[in-house]
Amino acid sequence: MPNTLAHMGVQALATRAAVPGAAPGWIWLGCIIPDLPWIGQRAARMLLSDLSPIDVRLFAVAQSSLLFCLVAAGAFACLARRPGQVFAVLSLGAVLHLALDATQTKWGNGVVLLLPFDWRVVNLGLYWPEDLATLLLTVLGGGVFLWAALRWRGSDPGGAGHRRPWLAAGMAAVWLLGPLAVMGALERAGAHGADVLRETDRREGRAIAFDRARLLPDADGTARLHVWTGEALDIQGLATDPPAGTVSVRGRFTGPAALRVEALHAHRAGWRDAMSYLGLALAMLWWMAEGFRRMRH
């Protein structure tokens, strides 16, 4: 995906055009809702190491689909003073986020837009995270956030209002548990190659792609591809030794843990993660500032 800061610029401008006076705090939250499952995936993998990485990935794919993003938007909106306006802002943010994600090149990755009517993962492959388009979007995001901090005003995201906490809790439960019902269908549709990766004894000859895997040398100097399942795959078919780092790969299994690489793209180390952490930090600081302002009043 484009980094969080890149999302914030495009989505803030589009949202303010569609919903004049939308509070920046809600706009930033709308930028982040589709990323919450992937943040949760990292936490789950760290805290609960016995979980199947394939099941955790399928859960995140389902939860980050448009349908469940809209459910999450509804849950947050039920806690706002103006639930209708906030739901419009958050749902528009989720739609824009997923649409922007779908434009970027992500081998073996993408977004699910039409679940449960269409289980396919959408990836238009227009540009890489290191391309000029992403850089321009990132600069735009930083500029828009600074402009918002200096000039933008909108409805206060806090304060008393017609809140519906029980409805919010019910929608949160659907968001948390609903993905369990669709994980099997996503796997059968081949989302993120989960069907191939699950069947370790039937991999040979089957195509696979990995987005942002880690190519690292072992103690003996042999480069192996460390993928999101936690496996380290032997790689074949490269004319030259690629540099160690983050890569996207397309290839075909020649054995349970051996991959013949057909295409490889090396990513710039740390760029996307750093800009995403910066965007998340700015959004959190905004909400902390809103909370401090409420306490003062």
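# Helix packing, burial and backbone geometry

Reader: Which residues in α3 meet which residues in α4?

Author: Pro 37, Trp 38, Gln 41 and Arg 45 in α3 meet Pro 53, Val 56, Arg 57, Ala 60, Val 61 and Gln 63 in α4; contact means heavy atoms within 4.5 Å. By class, the residues of this contact are 6 nonpolar, 2 polar and 2 charged (Ala, Val, Leu, Ile, Met, Phe, Trp, Tyr, Cys and Pro count as nonpolar, Asp, Glu, Lys and Arg as charged, and the others, Gly among them, as polar). The model is predicted: local features need pLDDT of at least 70 and side-chain atom pairs count only at pLDDT 80 or more, whereas totals for chains, interfaces and linings use all residues. Residues are numbered from 1 along each chain as its sequence is written, and side-chain values use heavy atoms, with hydrogens and water left out.

Reader: At what angle do α3 and α4 pack, and how far apart are their axes?

Author: Two packed helices are described by the angle between their axes and by the distance between those axes. For α3 and α4 the angle is about 160 degrees and the axes are 9 Å apart (axes are lines fitted to C-alpha atoms, for helices over the stretch in contact, and angles run from 0 to 180 degrees between N-to-C directions). α3 is therefore roughly antiparallel to α4 (under 35 degrees counts as roughly parallel, over 145 as roughly antiparallel, 65 to 115 as roughly perpendicular and the rest as oblique). Their crossing is right-handed (the near helix is turned clockwise from the far one by less than a right angle; anticlockwise gives left-handed).

Reader: How is α1 oriented to α6, and which residues make the contact?

Author: Helix α1 (residues 4-18) packs on helix α6 (residues 83-103) at about 135 degrees, with axes 10 Å apart (helices, H or I with at least four residues, and strands, E with at least two, are DSSP runs numbered from the N terminus). The two are therefore oblique to each other. On α1 the contact is made by His 7, Gln 11, Ala 14, Thr 15 and Ala 18, and on α6 by Val 89, Leu 92, Gly 93, Leu 96, His 97, Leu 100 and Asp 101. These residues divide into 6 nonpolar, 5 polar and 1 charged.

Reader: Is the crossing of α2 and α11 left-handed or right-handed?

Author: The crossing of α2 and α11 is left-handed. Helix α2 (residues 24-32) and helix α11 (residues 271-296) pack at an angle of about 145 degrees, with their axes 10 Å apart. Pro 24, Gly 25, Trp 26, Trp 28 and Ile 32 of α2 face Leu 280, Ala 283, Trp 286 and Trp 287 of α11 in the contact. By class, this contact has 8 nonpolar, 1 polar and no charged residues.

Reader: Which residues touch the most other members of the largest nonpolar core?

Author: The core has 64 residues, of which Trp 26, Trp 28, Leu 186, Phe 210 and Leu 225 touch the most other members (a nonpolar core is a set of buried Ala, Val, Leu, Ile, Met, Phe, Trp, Tyr and Cys residues joined through side-chain atoms within 4.5 Å). Helix α5 (residues 66-77) gives the most to this core, with 7 residues. Beyond its neighbours within four places in sequence, Leu 186 is in contact with Leu 58, Val 61, Ala 62, Val 112, Leu 115, Trp 119 and Ala 191.

Reader: Why is helix α4 described as largely enclosed?

Author: Helix α4 (residues 53-63) is largely enclosed by the rest of the structure because 9 of its 11 residues are buried (under 20% relative accessible area; exposed is over 50%, partly exposed in between, with a 1.4 Å probe and protein chains only). Among them are Ile 54, Leu 58 and Val 61. The buried residues of α4 pack against α3 (36-47), α5, α8 (165-177), α9 (183-188) and α10.

Reader: Is Leu 197 buried or exposed, and what does Leu 197 touch?

Author: Leu 197, in helix α10 (residues 194-198), is buried, with a relative accessible area of 3%. Not counting residues up to four places away in sequence, Leu 197 touches Ile 54, His 192, Arg 203, Ile 208, Phe 210, Trp 228, Thr 229 and Phe 253.

Reader: Which residues are joined by a cis peptide bond, and where does phi of His 192 lie?

Author: Most residues other than glycine have a negative phi, and most peptide bonds are trans. Here a cis peptide bond joins Leu 115 and Pro 116, with omega about 10 degrees; Pro 116 is in the loop between α6 and α7 (132-151). His 192, in the loop between α9 and α10, has a positive phi near 60 degrees and counts as buried at 4% relative accessibility. Arg 212, in strand β1 (residues 207-217), has a positive phi of about 55 degrees and is buried at 17% relative accessibility.
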